[in-house]
Amino acid sequence: RVERQNLEQHLKECSLQEVECDFSYAGCRVKLHRKGFARHMEENAQNHMRMTQGKLRDVAAGMDNQIAGLQKANTDQKEKLEEEIAQLQERVKEVQDQKNRQIAELQKASRNQKEKFETQLQQVNVDLQKRVKEVQDQKNRQISEVQEALKQKDRQLAGIAAQVREKDEQITRLVAALNERVKSLESRTSLIELPMPKSRVPPFEFTMPNFSSYRKKRFKEYEDAPCFYTHSGGYKMQVRTIPDRLAGKEANSAVWSEVMSVFVYVVKGDFDDLLKWPLKA
């Protein structure tokens with residue numbers, strides 16, 4: 001039972017609470033109980049690294065496609081504007097040629113008529129130059145917009161690169177921690193010996209010296225055998241014996257002197273975190 005005021009904290013710490021993997025963003029769809037979270041992270045560190053690298057490659061590929069699209073659009077727009085400018089320049093040339101022809105014709109006419117035509121041609125020239133300037137300004141604005149978009153994409157790529165470096169550092173630290181954990185477990189395993197007198201594999205055999213004198217001890221004076229493991233990296237056990245002998249008038253000593261209790265129980269071992277519980281005989 002959990003008290004209501006502790007329910008929220010319990011849900012955050014409950015070992016049976018279902019949680020998602022920290023690498024779900026990279027494609028890991030595993031949902032598991034919180035108690036198996038650490039083991040999942042240790043066993044799937046390489047898979048998580050590959051998922052993260054694949055995710056980053058997909059993001060980078062998408063950004064490359066976007067940049068390529070923008071560059072192509074910029075090139076197409078530039079070519080289109082250059083074509084329009086060329087057309088305008090051709091039009092200006094045509095107008096200039098027309099102007100020259102008209103000037104030649106006006107030279108034959110009166111001065112007043114000539115001035116009139118020159119004024120009209122000047123206005124046409126001013127309008128064309130104004131139009132050319134507008135087109136040029138529009139082209140410059142579009143080029144500036146494309147350049148700003150490219151700069152923004154560069155900033156986004158820089159941010160993604162920073163995230164990639166951060167993830168790589170996290171993965172490096174995780175791998176280093178896992179390696180340290182493995183080394184620690186290997187060193188602990190190499191230091192453990194099974195203190196069994198005659199056998200290191202089941203069935204185990206224990207020898208009790210001076211058994212006759214031991215039987216004469218009072219009730220509840222017990223002896224503990226050295227601890228042993230059920231197998232390499234297994235459960236740690238211990239055997240305890242008690243001579244169930246009552247003294248004086250409390251019981252018939254002839255009966256109780258023939259009885260001895262033997263207990264086998266589990267003690268705290270070095271591999272408890274790696275074993276399945278509860279222990280089943």
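Student: What makes up the largest nonpolar core?

Tutor: This is a predicted model, in which local features need pLDDT of at least 70 and side-chain atom pairs count only at pLDDT 80 or more, while totals for chains, interfaces and linings use all residues. Residues are numbered from 1 along each chain as its sequence is written, and side-chain values use heavy atoms, with hydrogens and water left out. The largest nonpolar core has eight residues: Ala 225, Phe 228, Tyr 229, Tyr 235, Met 237, Val 239, Phe 271 and Leu 275. A nonpolar core is a set of buried Ala, Val, Leu, Ile, Met, Phe, Trp, Tyr and Cys residues joined through side-chain atoms within 4.5 Å.

Student: Why is Tyr 229 called buried?

Tutor: Buried means under 20% relative accessible area, exposed over 50%, and partly exposed in between (1.4 Å probe, protein chains only). Tyr 229 has 4%, so Tyr 229 is buried. Phe 271, at 7%, also counts as buried.

Student: What kind of aromatic pair do Phe 23 and Tyr 25 form?

Tutor: Rings of Phe, Tyr and Trp (its six-membered ring) pair if their centres lie within 6.5 Å; planes under 30 degrees apart count as stacked, over 60 as edge-to-face and the rest as tilted. The ring centres of Phe 23 and Tyr 25 are 6.1 Å apart and the planes are at 25°, so this pair is stacked.
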